[in-house]
Amino acid sequence: RMVLARFSLMASESETVLDGGAVTLRLHLPHADARLLLGGDTNGDGVLAASELAASPRAVARFLDEGVDLRVDDAPCPAAETSGRADADGVELMAHFQCGEGALGLTFFFLGQLGAEHRHVAVLRGGSGVKQVVLT
């Protein structure tokens, strides 16, 4: 996972892959962020375990619907399929979209719910190009 040494903290990460009109978004949240944004830590241990995540699949779909906005040519493109899995570092969420081709707009509304010190590393892959930015 991405550790930003300059800031001495874990960052959330995303990778968005464009393939014609198909868009795949992979979003990784550290455990503390996942617990805050998704809820579901039923045993209160501070870690959103695989069983807890599996018990609330609607929380994943709701989070991706409300926390991420994907548009093509300014028209909303809702996720056709979502999933989530827990790992040792946090939670990985996946969303698949069928949007058609055009100008892509992607907004991570969930970042507004995290502290000012939070960083998000976003990678966008499409055609032969790759762009990486750190969002604050």
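**First stop: a hairpin**

Select the hairpin of β3 and β4: two residues lie between the strands, and G20 takes a positive phi near 65°. Helices (H or I, at least four residues) and strands (E, at least two) are DSSP runs, numbered from the N terminus. The model is a predicted one, in which local features need pLDDT of at least 70 and side-chain atom pairs count only at pLDDT 80 or more, while totals for chains, interfaces and linings use all residues. Residues are numbered from 1 along each chain as its sequence is written, and side-chain values use heavy atoms, with hydrogens and water left out.

**Along the strands**

β3 and β4 pair in the antiparallel sense over seven bridges; two strands count as paired if DSSP finds at least two bridges between them. L18 has V23 in β4 as its bridge partner.

Pick S14 here: A122 in β10 stands opposite.

V23 is bridged to F97 in β8.

**The whole sheet**

Select β7, β8, β4, β3, β10 and β11, which in that order form an open sheet of six strands with mixed pairing. The edge strands are β7 and β11 (129-135), each pairing on one side only. From one strand to the next the twist averages 15°.

**The helix on the sheet**

Select α1, which packs on the sheet and touches β4, β7 and β8. Its direction makes about 110° with that of β4 (axes are lines fitted to C-alpha atoms, for helices over the stretch in contact, and angles run from 0 to 180 degrees between N-to-C directions).

Which residues of helix α1 (residues 31-38) are buried? They are H31, D33, A34, L37 and L38, buried meaning under 20% relative accessible area (1.4 Å probe, protein chains only). These residues cover an arc of only 160° around the axis, so they lie on the same side of α1. Their cover includes α2 (50-54) and α3 (57-67). After α1 comes G39, with a positive phi near 70°.

**Last stop: confidence**

Colour by pLDDT, the predictor's confidence in each residue, from 0 to 100. The mean is 87, and 93% of residues reach 70 or more. Over residues 1-8 pLDDT stays under 50. Where pLDDT is low, the predicted coordinates should not be read in detail.

Note on methods
Contact = heavy atoms within 4.5 Å. Buried < 20%, exposed > 50% of the residue type's maximum accessible area, 1.4 Å probe, protein only. Arc of directions from axis to C-beta.
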